[in-house]
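User: I would like to learn how to read strands and helix packing in a model. Please start with the strands.

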Amino acid sequence: MADAKTKPKKSAKGGKTSKGGKNRGKAETLNFQAEMSRLLDIVAHSLYSEKDIFLRELISNSSDACDRLRHAALTEPDLAAGDADYRIAVTVDRQARTLSIADNGVGMNRDDLIANLGTIAKSGTAAFLDNLTGDARKDTSLIGQFGVGFYSAFMVADRVDVTTRRAGEDEAWLWSSDGKGSFTIAPAEREGRGTTVTVHLHDGEDGFLARDRLSGIVKRYSDHIPFPITLAESGGEAEQANTGAALWTRPKSEITEDQYREFYHHVAHMADDPWTTLHFHAEGVIDYRALLFVPSTRPFDLFQPERESRVKLYVKRVFITDHETGLVPPWLRFLRGIVDSEDLPLNVSREMLQDNPVTAKIRSGIVKRVLDDLENKAENEAEAFAAFWTSFGAVLKEGIYEGASERDRLVKLARFRSTASDGLVSLDDYIGRMKKGQDEIYYISGDDAESLAKSPQIEGFRAKGVEVLLLCDPVDDFWVPMVGVYETRPFKSVTRGGADLSKIEGGEKEDAPDDKTAAELAPLVAAMKLALGEQVKDVRTSDRLTDSAVCLVAGEGDMDIHLERILRAHKQLDQAAARILEINPKHALIKALGKAARADGKAAVVEDAAHLLLDQARLLEGEPVTDPTDFARRMSKVMTAGLG
Ligand code: ADP
Ligand code: MG
């Protein structure tokens, strides 16, 4: 990956010098990180049909910059010295055909500029780069998810200039780029700290010079920004264009859905609509306001190992941090939004947050509100809830596994794919459909519901109309055995132990294997055991199969097959345990083999069949055959005999 920092080259068009500031010097030209160039290209050509959002992004950055300085000034008041009235000014210059967005926030120095405006410096960089496909349409939707922020200015601009000075430093810098592969940095002049972004509009974008249009855009997208945003023609009178109060401090009844949505886009850096919005004020022993959102799509970094929440902590309207706040448990980390506490001190540190009774109370308050809302949705808006569950169910299940005190509520909320329905079902649905004589909740776990639904192990259940839950999140293999029982009914994996289907009513009972067939197949079973030796734990007839000839199951006390595979994949386990090979007494092949074994228990065809059947069962399990050469040899032999 090209790193702008290490690849400065002499400026082609450079040579600009500052007009007599403290730091005279040449402009230097630096290349954007290679992937940045691609991103810029996509932004410029195909990103949004709504170009208006560039203004929202630049204002949002100014607001963040003011927030950051206000927070830093709590411990270092000198940083904001002389100017603690944070504000954002949008100025139009009709002659120059430019639009500039200026703030008195934290500003940037030279290194900041290179790191922030030369590379994709966000936490998702790696994920983003991995996911780029080269297909413009797919990449566009991907970038939508990551948010392009600052670079969206190139949708409307030929050139963007950023003049900035970092709070507490004397030098100012001018960053300038046409968004085509490189940018220049030169020393500059700026009165006071902060940043001014000047957008040189493309031909045909003069609409963005019209005051009414701009004020409409600010009202629509940036009304919630808690700093005044003024609008002016260069040299003219400035007028405030937004309400300028923190949205969460305003009464719910005065806030429109659009305003909530825009706030969500700003705070969550997400481009979708919120799936749900929770806005409340808790008063009493502790006093805090929360404005929280559940996104309607999965954030790209949901399964990063840190499992960090992104909910931002404010104390008395001042932004404190969005890292390690302890406000949200890891299993609710998909929540986005803010919490504003009246009780925490403004200078609260991360260490203080970790085991703080106020944080703990806020956290349990949030958990309660969120679960109340989810239960309500599960009850009254089943379809919407299913969509939510599809996105975030796997995260909530981590809470079950980790033994959250809300575990029982979470288990009740859990939804599953199942053999009984195309949609998602709950455990209560399942219990309501249990057959007479059935007292266990049957499930099978694997990588995806579609292939699980075709597993040989569930054929017998299907034939009897017994529902089987299809579990496809890796965490299922951990929480289900751990919870063990739901409302007195034990969970039971259909890939384990002897499933006694004969007790359960329904299906074609007369077909169940009886003592007679068992006796008839005894020589075959014995011959197969002999042929397979240590490769299997046992060979036995089974009533769990209808169409397939064979399947593998785990012994009663053994580890579930899918769990074992997960552990092996993560190198937590070196060796697979031997499995039980079950054969289907009703299958034509097994019947024929049974006959052959009764005639001659040592027949070569029986031995070959034993190996081939084991390999078949392994393939159905998604495992490789034991020995490919051996498999090919036996297969050819049996086929040749069949043709001969
Ligand atoms: P994001 O806002 O999601 O971090 P952006 O592309 O919008 O991404 O901005 C990139 C970075 O550039 C910001 O994180 C910030 O560090 C810096 N930046 C952009 N605009 C400003 C500004 N007005 N003041 C200070 N820093 C800024
Ligand atoms: Mg931004």
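User: In S7, which residue is the bridge partner of Ser177?

Analyst: The partner is Phe183. This is a predicted model: local features need pLDDT of at least 70 and side-chain atom pairs pLDDT 80 or more, while totals for chains, interfaces and linings use all residues. Residues are numbered from 1 along each chain as its sequence is written, chains are lettered from A and ligands numbered from 1 in the order written, and side-chain values use heavy atoms, without hydrogens and water.

User: Which strands pair with S7?

Analyst: Strands pair if DSSP finds at least two bridges between them; strands (E, at least two residues) and helices (H or I, at least four) are DSSP runs, numbered from the N terminus. S6 (residues 172-177) runs antiparallel to S7 with 6 bridges, and S2 (residues 28-31) pairs with S7 in the antiparallel sense over 4. Asn31 has Ser182 as its bridge partner in S7.

User: Is S7 (residues 182-188) buried or exposed?

Analyst: In a regular strand, side chains alternate between the two faces of the sheet. Here Ser182, Thr184, Ala186 and Ala188 on one side, and Phe183, Ile185 and Pro187 on the other, are all buried (under 20% relative accessible area, 1.4 Å probe, protein chains only). With 7 of 7 residues buried, S7 is largely enclosed by the rest of the structure.

User: At what angle do helices H16 and H19 pack?

Analyst: About 75°, with the axes 9 Å apart, so H16 (residues 515-532) is roughly perpendicular to H19 (residues 604-620) (65 to 115 degrees; axes are lines fitted to C-alpha atoms over the stretch in contact, with angles from 0 to 180 degrees between N-to-C directions).

Terms used: Parallel < 35°, antiparallel > 145°, perpendicular 65-115°, else oblique. Buried < 20%, exposed > 50% of the residue type's maximum accessible area, 1.4 Å probe, protein only.
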